[in-house]
Amino acid sequence: MEEKQPLLAVVGPTASGKTSLSIRLARLLDGEIISADSMQMYRGMDIGTAKPTREEMAGIPHHLIDILEVDETFSVADYAARVRPLIREIGGRGRLPILVGGTGLYVSAITDHIQFSPMPSDPALREELRKKAEKEGNGAVFALLRECDPETAATLHENNLGRVIRAIEVYRLTGVTMAEQVRRSRQVPPPYRACILGLTFRDRQKLYHRINLRVDKMLEAGLVEEARRVLERGPSHTAAQAIGYKELRGYLEGRESLEEAAGRLKQESRNYAKRQLTWFRRNPAIQWLEVDSLGSEDALLAAALERVENTLGLFPAGKEGQPR
């Protein structure tokens with residue numbers, strides 16, 4: 001039997017510290033980072049997606065960042081098709097692939113080895129649903145999904161219009177819900193020996209405080225102008241629906257103050273963090289690390305390394321008797 005390839009994943013809600021921890025782990029474990037953030041793939045969306053800067057990357061290779069234009073579409077099947085050979089390639093170099101991000105569906109596609117079969121599409125139906133959203137609001141289309149596939153609806157936000165429409169389309173064309181399609185796709189065992197680390201907070205208010213501070217820093221760094229450029233490409237593409245951009249549309253159109261828009265952005269970011277935690281909490285394989293309970297970045301790193309050692313049998317380079 002072929003030995004399974006080691007894979008490390010660092011997941012959790014926005015602003016929980018995934019980037020910092022993963023870079024420190026990569027330096028110690030001779031790793032390369034693969035983004036599992038669906039919005040960091042888009043060029044020109046640096047501030048709002050909290051992309052790591054070149055300085056923050058500290059020389060660690062980062063993959064699947066800045067690979068798309070803002071009006072390009074990219075599905076979870078596309079993601080899996082790019083990442084699976086990349087994991088093999090990184091492992092073939094004797095390095096550790098580290099999956100990092102908060103897009104739960106992307107992480108699950110890899111760690112659960114979801115198989116994607118070709119699905120039918122109906123452009124006319126998609127256009128009909130988009131027009132319904134424009135006329136009646138995203139909530140009206142989301143209600144259709146709740147009726148036919150409440151299980152999938154529970155994992156999506158109504159503003160994630162592209163995926164809401166796709167889930168309705170799949171059901172209407174196949175008679176099988178997207179949730180059931182996903183279940184059927186998990187029948188092939190994953191080729192990875194995975195250690196999945198999840199970052200969380202015992203005191204949820206501390207996470208929310210970090211989110212609020214991050215939004216303030218993003219605004220100071222020029223988020224408004226970045227949002228203007230993204231939204232100028234059109235309001236309907238996937239990137240324009242990302243948190244951090246759509247919330248500023250009212251301000252950019254002169255319908256509300258920057259303070260009002262910033263308040264909504266903070267609230268939407270906190271709500272998103274809740275949804276991320278809800279998604280990840282359903283995965284019993286995740287080993288949770290309470291950031292606030294550990295107290296410092298060094299303590300968090302030590303706890304993460306302990307779990308990597310116990311799960312994958314990998315040790316930091318230079319640890320006596322245990323070379324990476």
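Is the crossing of α10 and α13 left-handed or right-handed? In this predicted model, where local features need pLDDT of at least 70, side-chain atom pairs count only at pLDDT 80 or more, and totals for chains, interfaces and linings use all residues, the crossing turns out to be right-handed, the near helix being turned clockwise from the far one by less than a right angle. Residues are numbered from 1 along each chain as its sequence is written, and side-chain values use heavy atoms, leaving out hydrogens and water.

Helices here are DSSP runs (H or I, at least four residues), and strands are runs of E of at least two, both numbered from the N terminus. Helix α10 (residues 204-220) packs against helix α13 (residues 258-281) at about 135°, with the axes 10 Å apart; axes are lines fitted to C-alpha atoms over the stretch in contact, and angles run from 0 to 180 degrees between N-to-C directions. That makes the pair oblique, the label for whatever is not under 35 degrees (roughly parallel), over 145 (roughly antiparallel) or 65 to 115 (roughly perpendicular).

Now for the rings. A search of the whole structure finds one aromatic pair, meaning ring centres within 6.5 Å. Tyr 79 and Tyr 106 are stacked, at 4.3 Å centre to centre and 15° between the planes; stacked means planes under 30 degrees apart, edge-to-face over 60 and tilted the rest. Tyr 79 sits in α3 and Tyr 106 in α4, 27 residues apart. Both are buried, that is, under 20% relative accessible area (1.4 Å probe, protein chains only).

Terms used: Phe/Tyr/Trp six-rings, centres within 6.5 Å; stacked < 30°, edge-to-face > 60°. Buried < 20%, exposed > 50% of the residue type's maximum accessible area, 1.4 Å probe, protein only.
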